[in-house]
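Okay, thanks everyone. Let me put the chain up on the screen, and then I'll walk you through how some of its parts pack together.

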Amino acid sequence: MNPKSNMNKADLSPDVKTDAGKINILVVDDRIENIISIESVIEGEGRQVLRASSGEEALRIVKEKPVGLILLDIQMPGMDGFTVARKLKEDEATRDISIIFVTALTSDEKYVMQGFMEGAVDYLFKPLNINILKAKVKVFERLFRQQKEVKDYMQRLEALNKQLDEFVYIVSHDLKAPLRGIASLGSFIEEELGNKMTDSVKDILDMIKSRSTRMQNLIDSILHYSRMANMRTAPEHVEVHALVENIVDMLSPPSHFKLIVAEGMPELCTEKIKLHEVFQNLISNSIKYNDKPDATITITAKDLGNHWEFSVEDNGIGIKTEHISKIFSIFHTLQTKEKSDSTGIGLTIVKKLVEQMGGEISVYSEFGKGTQFSFTWPKQVAN
């Protein structure tokens, strides 16, 4: 196995410094002398001052060049500063540009509030105070560079996640091939020996096949964890009661199980596949780890305002106190490998998905009496 990867260890560090380059500062005023005056104060290393003598010209420039800050006069012939700001905020490509209104208008609250409503982040009143102008431009320049560093880092992180997914896939593929060969060899030896096989040889061959199967399941689980951890899907309408019923139907619990889905299950706008995965894991565990002849699983929902709290409670074997703190750790299982085919990844995925959605998950259990998992889930997520 020799998987290739282009990942560089330095790329993983959040402390990597980026060259934010020059910040383009656009000065918009219908009087050239005002532009020149402001330009003489704010020009400096790392800054490129752009000029626009009208609102229309300003909108054209921001479409052609990346602008980090706009010093925008309000009173201009044709398109005034308020209109320019509104149009910039309506366009997804320009809505995040910081705007400082530069005006000789009164500082009356109604004009100031109108500016903020149109998208301004600050005001400068004429006649300009040079020190205040310098200080404000410096603050917004620093903010621009910090935002750009965060954006650049997030882009690198996204690229690294993609590389990591590819790496996991390659490793998993390279591991699966010899495992299939080992399992096939065990079956071949078993067929060749036939009636001549001794008990000790049979035990060894059974162990080989069992370990090979377990390893393949572990690899599949790691692949699934990698996919789920980095997956983003569009929010959609979900009827939680119907979702739970579909999961129960798919899992087909034994006939002695009694499943209670409480009334009042909500309808959500959310990432359906993630909520499905969480419920499926929790309900599956409640079925798997229940030794009672009158096995019961109860699923409830509680309104917490901005979130719903869902609970999956059973009367199964429960969890020992010493295992509670490790229950969400990857590869941690409640039973020995000989007694269970669990890979110990399911609850790790559950916790990851719940936290991705801004929720929390907890567990309460009494050994021998049962377990209750509770998790919070937002009522609605941004599209």
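So, let's start with the largest nonpolar core: it has 38 residues, and Phe279 and Phe375 are the ones that touch the most other members. Which elements give two or more residues to this core? They are helix H7 (240-251), helix H8 (272-288), strand E9 (296-303), strand E10 (307-314), helix H10 (346-356), strand E11 (361-366) and strand E12 (370-378). H8 gives the largest share, six residues. And before we go on, keep in mind that this is a predicted model.

Let's zoom in on phenylalanine 375. Leaving out residues up to four places away in sequence, Phe375 touches Leu275, Val278, Phe279 and Leu282, then Trp308, Glu309 and Phe310, and also Val354, Glu360 and Ile361.

Now back to H8, and how it sits against H10. Two packed helices are described by the angle between their axes and the distance between the axes. For H8 and H10, the angle is about 145 degrees and the axes are 9 Å apart. The crossing of H8 past H10 is left-handed. Who makes the contact? On the H8 side you have Lys274, Glu277, Val278, Asn281, Leu282 and Asn285, and on the H10 side Gly346, Leu347, Ile349, Val350, Leu353, Val354 and Gln356. Sort the residues of that contact by type and you get seven nonpolar, four polar and two charged.

Okay, over to helix H2, residues 55-64. Which residues of H2 are buried? Those are Gly55, Ala58, Leu59, Ile61 and Val62. They lie on the same side of H2, because the arc they cover around the axis is only 160 degrees. As for what the buried residues of H2 pack against, that's strand E1 (23-28), strand E2 (47-52), strand E3 (69-73) and helix H3 (81-90).

One last stop: serine 37, which you'll find in helix H1, residues 32-42. Is serine 37 buried, exposed or partly exposed? Its relative accessibility is 42%, so serine 37 counts as partly exposed. And look across to leucine 128: serine 37 and leucine 128 are 91 residues apart along the chain, with 9.8 Å between their C-alpha atoms.

That's my tour, so over to you for questions.

Conventions: Residues numbered from 1 in each chain as written. Predicted model: local features only at pLDDT ≥ 70, side-chain atom pairs only at ≥ 80, totals over all residues. Heavy atoms only, no water. Core = buried A, V, L, I, M, F, W, Y, C linked by side-chain atoms within 4.5 Å. Buried < 20%, exposed > 50% of the residue type's maximum accessible area, 1.4 Å probe, protein only. Helix = DSSP H or I, 4+ residues; strand = E, 2+ residues; numbered from the N terminus. Contact = heavy atoms within 4.5 Å. Axes fitted to C-alpha atoms, helices over the stretch in contact; angles between N-to-C directions. Left-handed = near helix turned anticlockwise from the far one by under 90°. Nonpolar A, V, L, I, M, F, W, Y, C, P; charged D, E, K, R; others polar. Arc of directions from axis to C-beta.
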